[in-house]
Structure formats: structure tokens, C-alpha cells
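Hi there,

Here is the structure I promised to pass on to you. Have a look at it below, and then read on for what turned up when I went through it.

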Amino acid sequence: MATVAGTMPLAQAREEQIRRFDTHQIIQHAGLMVTFILLVLSGMPLKFSEAGVSQWWAAVWGGIDNLRLLHRVAAWGIVVVCLYHLVYIWYTTAVLKRPFPYKMIPSLQDFIKFFQEMAYFLGLRREEPEWDRFNWREKFDYWAIFWGMPVIGISGFIMMFPVQATNFLPGWVLPTALVAHSDEAMLALTWIFVVHIFFNHFSPRVFPFNKSIFTGKVPRERYRREHALEYAAMTGEGKESDETDTGNIR
Amino acid sequence: MSKALDRGILGRLFLFLAIGMAVGVGLFLMSATQAKAIDENKCLTCHGNPDFSKTNGQGQKISLYVNEKAMSFSAHRFIDCTTCHTNDPHKVPTPLTKLSLAERCGSCHQYQYKLHLDSIHGRELVKGNPDVATCVDCHSNDRNPHTVIRVLEYNAPAYKKNIADTCATCHGNEELMANYGIVEKVYESYMRSFHGKAMQLGTYEITQLDKATCTNCHGTHDIRSVDDTRSPVAGLDNLTKTCEQCHPGAGANFAAGFLGHKEASPQNIPVAHYTEILFRILLTSVIAVGAVVVIAAIVKFSTKGWRKE
């Protein structure tokens, strides 16, 4: 209890890990991460084309044609990752009969705990709020992609096939797709680089970076602190979960 | 023995290398004289002097200097002065107007001259309007007939990648354009567009010729006002046909998606305009929340003591 995983010998620390993500989830995150970074690297110069650094970067890749090709290949890649995720959800629930991962669904509790966490950060509250399987940031990340992928994907495919798209859609979809695509990209980009990166790299508990999504495991002590309700339900010690079903641990 | 032989071969190689370098450097030095333009009548004896000038009837000093070095890169470097300046240039009065200049070019480039005279630029030129572009304004970097360069040279103002900037020397001038009722910021809106970005981020390679710039939609020598019904961008029908040149199968819907060198507004493709506003609100609020959370977390992590839990 008093020792943090990081201060223990490595072998001992390994024993203390609790499984949080399965292999499919690890692959989905890695695929999303790689394609997202490629899309940012190949997409930003297109948005900020007048900046000198964009022109330099485009020249590094041998001109815009190669950048565009990279952007399109990565775009198909991210679509595949998202379809993989949807198939995974369908397969685990419909075929393997695992419980539906409803703990990802936001609730009023998240809203309240968000303000509790803010109060804790600012020193107005002594205790951190206790999270179940997902904290509000994890849910926000997930649903931001869930809303963002259709927006950015549909607008992207309109721009990838403008002639075919306007065969059955009105002309205004073209300039609108550009606005939606690039602004949604900025939204995702700034959130990932400001909030997601900050908490998964610079939070004292995980510095220099949170390995859980790559190893699938979380040290026991950190699990107990960061997902107290789920941990309690899992181990049967201490607090009751504020949500009824606790069967979604894998 | 083999060592001595090696030294002999090495020594000979070194000697050949030294001779080769001496010959190479010599050839380079001999050929490194300034490239020359054809000057059969020795005009440059006087006109090659930078201070050579005359004073005209109004007491204006007019330079008669021709820069041979610049001339030697021009498209017409192998054409003698008299081809354009007549066989007896000192006897023939030269009215130095844009129109006379265009006429001169047109004596050889008849087809382009004809198209130009029927274009919006040419029509104004004939009226004596000094604002409009004529041959040298788009084909020479310093608007000088002696330095007209071929359009496939990378630094040519009419090279594909440079065309938008060339047009912008006039069409990017708000005051000048206001005189003609052209209020759209054509250069900026082009550079924001798919075509402009493709051009700006593209290389100077010849493959870039398939990317659209001003002239692909508006025409070159035959460029017309958008109010002229013969302009390739006048009206949706013409515009659609113009789009189809590069986008096979593009229909009227496709052409109607063009913002017309204007920003989206409640009058101009309102859906795009309101989408912009929606995302601006979304982006601002989400980023604000993110920033507040991160700043609060930084406050906590730094006051609590780094890594001390």
C-alpha cells in the first residue's frame, strides 16, 4: 500500500500488474495512433500551406503529390482500424456473449466527478473522485473519435471523390466538407496533443509515459487509485461500485 | 618489385590527373566569358554602356542601355536587334507605349497578338489604358522586352508555378482592382483553394503542369472579363465545361460547389459558412476546457510535489 510500483524491484512490479486491455484493444489503439500521426504529418501542411515550414515539409516528401498519397493511404488505414473496432464490439458482445461495454457510456456521475476532479486539482477538495472502469477523459477521448471519425471520414471521402460525390449530392458539400474536415482535424489534434498527451505522459503517476495501452496491464496500486470503483468490485475489497454491473473486467 | 611497379602506376596516374585538371581548368577559364546575344550590327558598342541615354522632347532623360548579360538569357538572344528595331533603328521614330510594344511582338507572334487584342486586356490596351497587362508584363520579370524568357524556364513569370504571382502583381493590388469593380481577393482565395495549395506545395517539376492556376480557368492570351459571356467561367454552363477539362464527369453540381473567389457567407454557400461558425464555437469551447483542465492539473502536480503520492 505504501509502496508505489515504480519504486519496487522490476520483477516484483511485474507481478503486481492487473490486466486492463486485451490484445485487440492494444492493436486498435496502436493502429489509431500510427495512422493519426501519419494523417497529422501529411495533413497539416495542406491546411497551413502558406507557412514556410509546410513548404519545407512538403519538399522533404518530394512535393504535394506524395504527401497526398500518404494522407490517403493513412486515411484508408484509419478507416480499417475503426471498422476493426466496430467488428470487435459486435463479435465480443453478439458472438462471445460478453456484456456490452456500457461503462463507456457517459453519465451524470461523470459530469459531477469532472467538477470534483477540478476542485481536487485546484486544492479545493482533499480526495480525488473515484472512477469506475473509465474516467471522464477516457470516455471523452473515445466518444470524440466516435463522433469525429464519421465527420472526418465522410468529408474526407467527399474530397477524395469530388466528382462522384456531386453526382448525387449538391455542390455545397465540397466547400463544407473542406471546412468540416480541417476544423474537426484541428479539434482532434489539439485535444490529443494538449489533454491526452499531457495526462498520459506528464501525470506524476505515469511519467514519462503510460505504458498500459501498449502492455495491456496496469500496476495494481495505480489501478486501485485510478479506477477505485472497478478495482473494489474486482477484488471484492472496500467500496461498492456506483454502477450496478461489474462484470466487464477483462 | 611489385611495390616499385605500384609506385610507377600511381605516379603516372597522378600525372594524368594533374594534366587533366590543368586542361579542365583551362577550358573552363577560356569558356567562362560572358554569354553573348547576337549583335550583328554592333549596337551594343554604344547601347551596352549603362549610362547611354537621350533626352526627349519633354526634357525627360531616357535610358538607351541594353543589359547584355540579361539579354543573353532571354528567349530572343539569337535574334538580331534589327528584327524588332527595324533595319534603320535611328531613323524610325519609336512611340514607347504598351500598345506599340504589343504590336512589335505581334509582328511575329501574330496568333497570340490577335487573341490578346480581343481579350479584356487587349481591348483596354487599344483604348490606351496604361493599367492593363500586355506581352512583357507576363513574359518578362522586369517588364522589359529585352528580357522576355520562355514559359518553360523555372523563373519565367509565365511558368506554371509562377503564374498566380504574376497575375497578383496587378490583381493583388486592391486599389487598382477597385477601379475595375473587382472586389474579390482573387489571389488569397486561390491560395486557400485546393488548386492553390497544390500549386504552392508542389515542386517546380514539369509534372506540376497538370495543376490548375489562374489561366487554366480564365484563359491566357484570350483572357476575358467574367462578365463577358464568352469567358470560360461566365455562368454555370461555361464553368462546368471548364471544370470538366480536368475533372472528367464533373457536372453542374460540382461547379456549383465553387465559392467564386469569395469566402463562404450567408449569401455564398451558407451551409459552408454556418459549418465554419459551428466548428469555431466547438473548437474554442473544447480547447478552452482542455486548457483549463491541463492548467489545473499542472497546478496540482507542481504543488503536490513531483512524483510524491
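Let me start with one residue in chain B: B:Val233 sits in the loop between H13 and helix H14 (235-246) of that chain. Please keep in mind throughout that this is a predicted model. B:Val233 counts as buried, because its relative accessibility is 15% and the cut-off for buried is under 20%. Leaving aside residues up to four places away in sequence, B:Val233 touches B:Cys217, B:His218, B:Val226, B:Asn238 and B:Leu239. As for B:Tyr180, which is 53 residues from B:Val233 along the chain, the C-alpha atoms of the two are separated by 18 Å.

H13 of chain B, residues 214-218, comes up again when you look at helix H9. The buried residues of H9(B) are B:Ile163, B:Ala164, B:Thr166, B:Ala168 and B:Cys170. What covers them includes H8, helix H10 (174-178), helix H11 (186-192) and H13 of chain B.

Most residues other than glycine have a negative phi, and most peptide bonds are trans. With that in mind, two loop residues are worth a look. B:Arg143, in the loop between helix H8 (135-139) and helix H9 (163-171) of chain B, has a positive phi of about 55° although it is not a glycine. B:Arg143 is partly exposed, at 41% relative accessibility. The other is B:Thr86, whose phi is near 65°, again positive in a residue other than glycine. You will find B:Thr86 in the loop between helix H4 (81-85) and helix H5 (98-106) of chain B, and at 23% relative accessibility it too counts as partly exposed.

Chain A in outline

Chain A has eleven helices and two strands, and along the sequence they follow the pattern α-β-α-α-α-α-α-α-α-α-β-α-α. Of its 250 residues, 45% count as buried. Taking the contacts in chain A between residues at least 6 apart in sequence, 68% join residues at least 24 apart. The accessible surface of chain A comes to about 13,300 Å², and 69% of that belongs to carbon and sulfur atoms.

Chain A has a backbone feature to check as well: a cis peptide bond joins A:Phe207 and A:Pro208, with omega at about 5°. A:Pro208 lies in the loop between H8 and helix H9 (212-215) of chain A.

The core and its rings

Which residues have the most contacts inside the largest nonpolar core? They are A:Phe121 and A:Phe199, in a core of 17 residues. The elements that give two or more residues to this core are helix H5 (108-121) and helix H8 (173-202) of chain A, together with helix H16 (270-304) of chain B. H16(B) gives the most, with six residues. Apart from this core lies another, of 13 residues, among them A:Ala165, A:Leu174, A:Ala177 and B:Phe254.

The neighbours of A:Phe121 come from both chains: not counting residues up to four places away in sequence, A:Phe121 touches A:Arg137, A:Phe199, B:Val293, B:Ala296, B:Ala297, B:Val299, B:Lys300 and B:Phe301.

A search of the whole structure finds 25 aromatic pairs over all chains. One of them is A:Phe198 with A:Phe199, an edge-to-face pair with 5.2 Å centre to centre and 85° between the planes. A:Phe198 is buried at 11% relative accessible area, and A:Phe199 is buried at 7%. A:Phe199 also pairs edge-to-face with B:Phe301, at 6.5 Å centre to centre and 80° between the planes. That pair joins two chains, because A:Phe199 lies in helix H8 of chain A and B:Phe301 in helix H16 of chain B. B:Phe301 is buried, as is A:Phe199.

In soluble globular proteins, nonpolar side chains tend to be buried together. B:Ile9 is found in helix H1 (residues 2-31) of chain B, and it counts as partly exposed, at 43% relative accessibility.

Happy browsing, and do write back with your thoughts!

Best wishes

Notes:
Residues are numbered from 1 along each chain as its sequence is written. Chains are lettered from A and ligands numbered from 1 in the order in which they are written. This is a predicted model: local features need pLDDT of at least 70, side-chain atom pairs count only at pLDDT 80 or more; totals for chains, interfaces and linings use all residues. Side-chain values use heavy atoms; hydrogens and water are left out. Helices (H or I, at least four residues) and strands (E, at least two) are DSSP runs, numbered from the N terminus. Buried means under 20% relative accessible area, exposed over 50%, partly exposed in between (1.4 Å probe, protein chains only). A nonpolar core is a set of buried Ala, Val, Leu, Ile, Met, Phe, Trp, Tyr and Cys residues joined through side-chain atoms within 4.5 Å. Contact means heavy atoms within 4.5 Å. Rings of Phe, Tyr and Trp (its six-membered ring) pair if their centres lie within 6.5 Å; planes under 30 degrees apart count as stacked, over 60 as edge-to-face and the rest as tilted. Accessible areas come from the Shrake-Rupley method with a 1.4 Å probe; for residues, only the protein chains shown count as cover.
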